[in-house]
Amino acid sequence: MASAVETVIRNVVTKGVTKLAAFNRARQDENRQHPFLTGIHTPMTEERTLTDLQVTGTIPPELSGRYVRIGPNPLRPDPRGHHWFIGDGMVHGVRLQDGKALWYRNRYIRSQDLEAKGGPKAAPGPRRGRRDLINTNVIQHNGKTLAIVEAGSFPAELSDDLETVTYTDFGGTLHVPFSAHPHLDPRTGELHAIVYDGMTQDTVWHVVVSPEGKVVREEPIPVEHGPSIHECTITENYVLVFDLPVTFSMKALIGGAQFPYAWNPDHKARVGLLPRQGSADQIVWCDVDPCYVFHVANSYETADGKVIVDSSVHETMFAGGADGPNGRPLGMELWTIDPAARKVTRVTLDSAPQEFHRPDERFFGQSYRYAWSLGLPTSDDPGFLGATPIYRYDLETGARSQHDFGPNRVPGEFVFVPRSADAPEGDGWIMGYVIDAANETTDLVILDAADVAAPPVASVHIPHRIPPGFHGNWLPDAT
């Protein structure tokens, strides 16, 4: 815990660095064509509610709920120092019920920062200082819809129609930042997350939220250099900590970057196996060759005590510029983590560039068979434009199938929805937004999860372009 004197010094230094960063940012080209503010990424300029949605195909009547995805949508776009990850958050949702598409809505997350820019009035609720931008994921827990982000803000609770109701610290039980990627343990109903604070370089935390929506654990974990930990994962006995070589960069901050993280070859790459109820001094740290992981498909333990992790892996990240994610994707890898040898063995399952792996979440943290992911374009287009299929993997047979959407059609992350609560693994649908770049429209596309190559089961047509975003989920109605 920092002393009062240390806190004062940090505040003074931070204010000075902030002023210098703002000065250097103001000197940048305000007319630059930023790849994540133009073209397909051009922000929407209004909130809309549409109830007369056209549908091709047949929406499965079992689907009763909302598909909601969030992403950055700057209210006052400014290319100076901009990074894709820091735009004002906007949610886009479609409600499905009784085989019909009842509505589409898009709404800004009502942050204080947005209001200060001239946007809608901020929602009430507790904040972590001045940081309340949320733009990365939407989940449902304890009957509440939560918009979330890493490294800064408390979550925001959303209404059924996607209005920001309040910011929340889980009833006063959350005292640290939250994560964009908490993982639900389907066996216990708990949410597990590894969280970090952009202003704290020596500590990350393991946070657990109970099924009742209260934080019951905030275990501090010592680290160095301020690593950016986007993802975690769980097994029966462990929470995995991905301490990889993307760290806070004072050079980038002073230079005007609003997302001051960069590839750091001097930061040792390692994965920590933290006992789920253990303390930080019980972590088994295992060395891994330098790389970066945004998203895990799944993880589980083997009979001989090793841990298996399947994920999308990148050779480097944030080493090729400050606009957004960059670095050579290495495809889907299987990691075998050996706590006895304290080593990680990496095997490539598929070298096709890809991201946004999703499993059947009912089997998360357990041995599983199926995963789906979004193919990445092989071109070097900075805005990620190009052929992007959806892949399906049968990890038992090694088979890969795919759905190709055709020219100028750009999908985002697809999520799995089971046919019923007790359906076999992989029996259901996957769904996500697909942009028609030529016509400036979007479809919510529903595919058969077991036969992704087949024509869509249904497509809900949205008569405008939804900018590419990050994460979303199918949020089923309560039963």
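Predicted model: local features only at pLDDT ≥ 70, side-chain atom pairs only at ≥ 80, totals over all residues.
Strands β4 (residues 89–97) and β5 (residues 100–108) run antiparallel and are joined by eight bridges. Both belong to an open sheet of five strands, ordered β1-β5-β4-β3-β33. Pairing in this sheet is antiparallel. Its edges are β1 (49–50) and β33 (472–476), each of which pairs on one side only. Strands of a sheet pair through backbone hydrogen bonds, in parallel or antiparallel fashion.

Gln354 lies in strand β24, which spans residues 354–359. Its relative accessibility is 1%, under the 20% cut-off, so Gln354 counts as buried. Two polar contacts involve the Gln354 side chain. One is with the side chain of Ser373, at 2.7 Å. The other is with the side chain of Tyr393, at 2.9 Å.

Nonpolar side chains in soluble globular proteins tend to be buried together. Here the largest nonpolar core comprises 50 residues. Ile221, Leu240, Trp335 and Ile337 have the most contacts inside this core. Strand β15 (residues 238–243) contributes the largest share, five residues. The contacts of Leu240, leaving aside neighbours within four places in sequence, include Ile194, Val271, Leu273, Val307, Val309 and Ile337. Cys232, Thr233, Thr235 and Gly272 are also among the residues in contact with Leu240. Another core, of 25 residues, lies apart from the largest one. Among its members are Val415, Val417, Val460 and Ile466.

Definitions and conventions: Residues numbered from 1 in each chain as written. Heavy atoms only, no water. Pairing = 2+ DSSP bridges. Helix = DSSP H or I, 4+ residues; strand = E, 2+ residues; numbered from the N terminus. Buried < 20%, exposed > 50% of the residue type's maximum accessible area, 1.4 Å probe, protein only. Polar contact = N/O pair within 3.5 Å; in protein donor to acceptor, adjacent residues only side chain to side chain. Core = buried A, V, L, I, M, F, W, Y, C linked by side-chain atoms within 4.5 Å. Contact = heavy atoms within 4.5 Å.
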